[in-house]
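Hi,

Here is the model I said I'd pass on.

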Amino acid sequence: MGGSSGGFFRSGEKDPFEYGKKLRESEQRSLDKEFEASVGKVINDLLERYNRRDVEATSKHLDLIKTKLDKELDSSVNLIFNGSVAKHTYVDGFSDVDALIVIDKKSFEGKSPKEVREEIGDLIKERLPKTQVKVGSQAITILFNDQKIQVLPATKYYNGYRISDESGNNWSHIKPKEFANKLTKVNSEMAGKLVPTIKLAKSIIGQNESSKINGFHTESLAIDIFKDYNGNKNVKAMIKHFFSMASNKVLDPIKDSKGNSISVDNYLGSSNSLERKIISNSFDRIYRRMNNADGSQNIEYWKKILGSKS
């Protein structure tokens with residue numbers, strides 16, 4: 001009869017089943033923290049790599065370009081540091097333009113962006129004969145020995161500037177200073193985590209052919225998504241939130257991007273266009289992959305999503 005007491009516990013003693021449950025919960029919390037810390041380290045290592053660009057050298061190259069164009073054009077050529085270097089959202093290999101070349105010359109009036117781009121490209125080639133210069137569909141790329149510089153020809157237009165749209169054939173109106181100010185404001189509200197989140201987003205988007213959107217569009221989406229964000233202010237949580245929300249946001253044209261509403265995403269057409277649906281599906285797949293990586297606590301899966309080679 002005495003053996004039947006094994007299923008009971010004395011008053012004041014811990015219930016072994018409850019104790020085991022709490023122990024398992026504690027062990028799971030430890031595993032969760034370890035996994036989060038591991039993913040956080042991968043993210044921080046990537047961001048450190050993205051931040052290695054020599055901004056001082058970039059500035060020197062841009063000053064040289066301005067000097068060469070000033071001499072050739074005999075007009076006002078202002079380099080407005082509006083690109084991802086100025087906004088600290090540059091990602092090596094997925095860069096945006098580093099500067100707008102604002103040209104004030106009567107001979108360019110009435111010309112298309114393509115005509116202006118080609119003329120400026122030819123001038124840079126002529127003045128920098130030992131440097132490789134490529135004229136693209138929107139920007140001009142100058143390949144110096146130590147780094148690549150991208151500039152975008154622009155003209156003054158009312159209270160902003162005109163640049164080439166995504167097609168490369170038409171002019172679009174932008175207000176880069178207002179846009180940069182808005183980005184700075186939201187980044188401050190996000191405890192400085194918005195800019196690194198944008199860097200990661202650009203990197204992930206750049207690795208997926210079906211999800212590629214331009215840098216301004218990525219930044220504009222991020223501003224819109226995080227302007228009222230109340231979640232965890234860490235990059236891992238924010239990058240998941242970005243792709244979760246962007247999969248729906250990208251289906252409609254951005255209505256208010258603080259200076260870029262006319263041109264930021266008109267290259268994708270109207271609401272629910274085929275192009276927008278393709279990108280939306282791609283963003284949703286990226287978000288679901290992140291959720292799966294978290295659910296299985298698979299650090300290697302996260303590395304693959306982020307494009308980490310370590």
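Predicted model: local features only at pLDDT ≥ 70, side-chain atom pairs only at ≥ 80, totals over all residues.

Residues are numbered from 1 along each chain as its sequence is written, and side-chain values use heavy atoms, with hydrogens and water left out.

Helix packing

Helices and strands here are DSSP runs numbered from the N terminus (H or I with at least four residues for helices, E with at least two for strands). Axes are lines fitted to C-alpha atoms, for helices over the stretch in contact, and angles run from 0 to 180 degrees between N-to-C directions. For the wording, under 35 degrees is roughly parallel, over 145 roughly antiparallel, 65 to 115 roughly perpendicular, and the rest oblique. Contact means heavy atoms within 4.5 Å. On residue classes, Ala, Val, Leu, Ile, Met, Phe, Trp, Tyr, Cys and Pro count as nonpolar, Asp, Glu, Lys and Arg as charged, and the others, Gly among them, as polar.

Let's start with helix H7 (residues 235-249), whose axis comes within 9 Å of that of helix H5 (residues 194-206), crossing at roughly 55 degrees. That makes H5 oblique to H7. On the H5 side you'll find Leu 194, Pro 196, Thr 197, Leu 200, Ala 201, Ile 204 and Ile 205, which meet Val 235, Met 238, Ile 239, Phe 242 and Phe 243 of H7. This contact has eleven nonpolar residues, one polar and no charged ones.

H7 also packs with helix H6 (residues 215-226): their axes come within 10 Å and cross at roughly 100 degrees. So H6 is roughly perpendicular to H7. From H6, Thr 218, Leu 221, Ala 222, Asp 224, Ile 225 and Phe 226 meet Met 238, His 241, Phe 242, Met 245, Ala 246 and Lys 249 in H7. By class, that is eight nonpolar, two polar and two charged residues.

Then there are helix H8 (residues 274-295) and helix H9 (residues 299-306), packed at about 160 degrees with axes 8 Å apart. That makes H8 roughly antiparallel to H9. Their crossing is left-handed. H8 brings Arg 289, Met 290, Asn 292, Ala 293 and Asp 294 to the contact, and H9 brings Tyr 301, Trp 302, Lys 304 and Ile 305.

The search ran on a 1 Å grid over the protein atoms alone: a cavity is a set of points where a 1.4 Å probe fits but cannot get out, a pocket is an open set with protein on both sides within 12 Å along at least five of seven lines, and lining residues have an atom within 4 Å of a point. Grid points are joined across faces, edges and corners, and a volume is the space filled by probe spheres set on them.

How many cavities of 30 Å³ or more are there? One. The largest cavity holds about 40 Å³. Pro 113, Val 116, Arg 117, Gln 138, Leu 152, Pro 153, Ser 164 and Trp 171 line it. Helix H3 (113-127) gives the largest share of that lining, three residues.

The second largest pocket has about 240 Å³ of space. Its lining has 15 residues, and the closest to the centre are Ile 103, Lys 105, Glu 109, Thr 155 and Lys 156. Strands E2 (99-104) and E5 (148-157) each give two or more residues to this lining, which by class has five nonpolar, three polar and seven charged residues.

Cheers

Key: Left-handed = near helix turned anticlockwise from the far one by under 90°.
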